[in-house]
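Colleague: I am new to this structure and would be grateful for a guided reading of its features. May we take them one at a time?

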Amino acid sequence: MKLRSNNYNLSHNYRTVNLTLASILCLIFIYSAVYSPIKVNHPIPSVFTQLTGYESPSSGLSRSFSALIRFNFELANSFNPIGWQIFLFLLIQLVFRSISYFLIKEHFSLIKLYIFSDITLSFLSFLLVFKPLILFTFKLFKNFIVN
């Protein structure tokens, strides 16, 4: 009975996490659809650029996402060349989170293996997709510590 209870708790918590992440991802895509890629009307500016005057690898991501959601791939690439891979990663995550939410039931016996695989694959994908941003951040920290 205890194993069944643990699987139920894991399944329930995993479904809650998937629903939360899917909701956040939906909000990102809605934000991208609401704001124009051409007009400079995105309410979330690049704080790093405003503070330092330098562009980071994340500059233009909002406008790139807005262009991608409108299937304007050339414009999206001009705003940020890595925008499409981040957009695709988030879109795949949204689909996966939604499918996982609806497919995982309380009595799913392989829940631990499923969660472990999900975390591992999502983490490795995240590192691969966000590598330019991660390396840029490490470079900033290195420069900050050295200087």
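Modeller: Let us begin with a single side-chain pair: the side chains of R97 and N18 form a polar contact of 2.8 Å. A polar contact is a pair of N or O atoms within 3.5 Å; within protein, one must be able to donate a hydrogen and the other to accept it, and residues adjacent in sequence count only if both atoms are side-chain atoms. This is a predicted model, in which local features need pLDDT of at least 70 and side-chain atom pairs count only at pLDDT 80 or more, while totals for chains, interfaces and linings use all residues. Residues are numbered from 1 along each chain as its sequence is written, and side-chain values use heavy atoms, with hydrogens and water left out.

Colleague: Is R97 buried or exposed?

Modeller: Buried means under 20% relative accessible area, exposed over 50%, and partly exposed in between (1.4 Å probe, protein chains only). R97 has a relative accessible area of 4% and is therefore buried. R97 lies in helix α5; helices here are DSSP runs of H or I with at least four residues, numbered from the N terminus. Leaving out residues up to four places away in sequence, R97 touches Y14, N18, L21, A22, L25, D118 and S122, where contact means heavy atoms within 4.5 Å.

Colleague: How many residues has the largest nonpolar core?

Modeller: In soluble globular proteins, nonpolar side chains tend to be buried together. A nonpolar core is a set of buried Ala, Val, Leu, Ile, Met, Phe, Trp, Tyr and Cys residues joined through side-chain atoms within 4.5 Å. Here the largest has 17 residues, and F65, I86, L90 and F130 have the most contacts inside it. Helices α1 (2-34), α3 (61-69) and α5 (83-103) each supply at least two of its residues, with α5 giving the most, five. Beyond its neighbours within four places in sequence, L90 is in contact with L25, I28, F29 and F65.

Colleague: Which residues does R63 touch?

Modeller: Not counting residues up to four places away in sequence, R63 touches P37, H42 and F79. R63 is found in helix α3, and its 29% relative accessibility makes it partly exposed.

Colleague: Where is F71 placed?

Modeller: F71 sits in the loop between α3 and α4 (73-79). Although not a glycine, F71 has a positive phi of about 60°. At 65% relative accessibility, F71 counts as exposed.
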